[in-house]
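User: Hi! Could you walk me through a few spots in this model?
Analyst: Happy to, here it is.
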Amino acid sequence: MTCTVFLELLAREASPVEFEGPLVEARAAGASPEALAELESAKLAALRVRTIMRRHARREAELAALFETAGDLAGLRDHDAVLEAIVRRARRLLNADIAYMTLNDDERGDTYMRVTDGSVSAAFRRLRLPMGAGLGGLVAQSAMPYTSAYYLDDPRFQHHDFIDGAVAEEALVAILGVPMKLGSRVIGVLYAANRSERPFEQEEVVLLGSLAAHAAIAIDNARLLQETRSALEELSAANEVVRARSAAVERAAHAHDRMTALVVRGGGAEDVAAVVTEILGGTLHMLDAEGRPLAASGPPAPLSDEERAGVLAAALSARNQGRTVRRGDLWIASVSTGEETLGTLVLRTPGDVSGADRRILERAALVTALLVLLRRSVTEAEGRVRGELLDDLLGDRPADAEALKARARRVNVDLDAPHIVLTARCPSPDHRRRAAFWAASHAAVEQGLAAPRGEDIALLLPGERPGDTARRVAKELGASLDAPVTVGAAGPVRGAPGVAAAYREAERTAGALLALGRRGDGADAADLGFVGLLIGEARDVDGFLATALGPVLDYDARRGTTLVRTLEDYFGTGCSLSRTAERLHIHVNTVTQRLDRIGRLLGDGWQSPDRALEIQLALRLHRLR
């Protein structure tokens, strides 16, 4: 019966006071001393069992909390959530009013509040403790746990007003702090505190130390995870750099292959420009050595005069540095070889151009220089062949006409077709050298011939209008040299035999143009009026009459008028209207009307001295014929 009562009390987890109940009832019933002693012994045994059961229950709760914390760590949960769970469990297991955690700040040399649970003071949550100050500072410095039943009056710790003020604001009395260690290094302190005086038992110190160890592991895991993430981010960034560089290398290799193919198949500068804009985008301008445009590719974006002037200065810098130079949204690469500048590549693009893409532009400049040199070599070689052929056509020694025709066919020149023979005179030897290159290129394009000859440049070009051809060549060659070029022409000629004679006439025409003060002009003998009649190889009287008087002769033939006789009498009377009227037996007004008609037929300026002289000479020749 005695054991049953105490077992029932144990079963319903009665408080220690209730275990006194059976003794009180036995004394009231007048039990014997032996019975009371037996009850006392049973009570003490029951209380010991109760203590053991409470200890086991508490240990079970502690193990469960530690197990949950280990699960949190194993699950790699959010770092902050794990630390907050640890602090919260410490407060619950130790039955504390507040639990909190501080971490060491190695850069500042102190510790700061990291997590709190149960705190009501903002100042306390912002607290930072110098190493060695207060209970926590001492724990962090010594790596040993410390407890104080009444902290504010405990002389073992270095007290500071701002620390004690925050502790007092939180109304803390008893504090327990244990170190959080990784190996031998302390990284922080875990605390449990009460707002009333309380001694902390050794088992509670051990439990809080276990939670502190888990917290240290959580912090280290977070560090390792962050380092892993940082490493992965660095690897990812490095991978992106490698991928970008691989793409750039592949793009550069692709550009190199395409440009090499251009060289092999004999492409031109415009083909290089198309490759560059296809790969790099933007608009590419190709300029010659003087800054004149040669080709362009991409969306229309012409260079202004100011930009072109800046490009020429930047091109010199690019050549000296051997790399691409930037000027605003223009990227400039010099097309050069040795000391000679052949041209400039100008890429207009709003964005930045990477180093690899700049290498592509520089390689394009190199390929362009190679193409220019190849074309120059081919042109020079072909020019020599064409020049030798033209020299033989113009030479004084007799040559086999059929052999000359065969040689001409090999350079795509048909001597049986009508050709114009021209001679171009330049103002200086330097202009002559450049004109020779232009003439060779121009003749090759038009399937003609060109060669330097003495101080002049000789050309043989397909066509039937020598005057128009001479003026066109004078204009285009003069624009290329930026200097006046005088061109005489003769022809058309068919076959080899007439070329030499036509060239001599072209030379005389060029000399006559210079003598007449018409430097930079182009003409044939027919364009020079009676002077052309004098210097012309064929003495083309009919051509001269048609040029000087043709419209008036045609009008008389169609209308049956006498405008030609009116002109003869007008000039014969010294250009006197009245005397002309007397000779013709007509009224002065009629003479005036006829002269107006003649002016409309011959054009303005027909009475100028030069024109009047040609017209009078033509009238004499007409009468003689």
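User: Great. What should I know before reading the numbers?
Analyst: This is a predicted model, where local features need pLDDT of at least 70, side-chain atom pairs count only at pLDDT 80 or more, and totals for chains, interfaces and linings use all residues. Residues are numbered from 1 along each chain as its sequence is written, and side-chain values use heavy atoms, with hydrogens and water left out.

User: In what order do the five strands of the open sheet come?

Analyst: The order is β13-β14-β12-β15-β16, with mixed pairing. Strands are DSSP runs of E with at least two residues, helices are runs of H or I with at least four, and both are numbered from the N terminus. Two strands pair if DSSP finds at least two bridges between them.

User: Which strands stand at the edges?
Analyst: Those are β13 (449-453) and β16 (522-524); each has a single partner strand, so one side of each lacks a neighbour in the sheet. On average, neighbouring strands here are turned by 20 degrees against each other, direction ignored.

User: How many bridges join β13 to β14?
Analyst: Five, and the two strands run antiparallel, with β14 covering residues 456-462. A450 has L459 of β14 as its bridge partner.

User: And which strands does helix α13 touch?
Analyst: Helix α13 (residues 429-445) packs on the sheet and touches β13 and β14, its direction making about 10 degrees with that of β14. Contact means heavy atoms within 4.5 Å, and angles run from 0 to 180 degrees between N-to-C directions, with axes fitted to C-alpha atoms, for helices over the stretch in contact. Helix α14 (residues 466-481) packs on the sheet too, touching β12 (419-425), β14, β15 (486-493) and β16.

User: Switching topic: how many residues of β6 are buried?
Analyst: Nine of the 10 in β6 (residues 185-194), so the strand is largely enclosed by the rest of the structure. Buried means under 20% relative accessible area, with a 1.4 Å probe and protein chains only.

User: What pairs with β6?

Analyst: Strand β5 (residues 174-182) does, antiparallel over nine bridges, and β1 (residues 98-105) pairs with β6 in the antiparallel sense over six bridges. In the hairpin of β5 and β6, with two residues between the strands, G183 takes a positive phi near 70 degrees.

User: Last one: at what angle do α18 and α20 pack?
Analyst: About 105 degrees, with the axes of α18 (residues 563-572) and α20 (residues 588-602) 10 Å apart. They are therefore roughly perpendicular to each other, a label for angles of 65 to 115 degrees. Residues in the contact include L563 and Y570 of α18 and R594 and L601 of α20.

Definitions and conventions
Buried < 20%, exposed > 50% of the residue type's maximum accessible area, 1.4 Å probe, protein only. Parallel < 35°, antiparallel > 145°, perpendicular 65-115°, else oblique.
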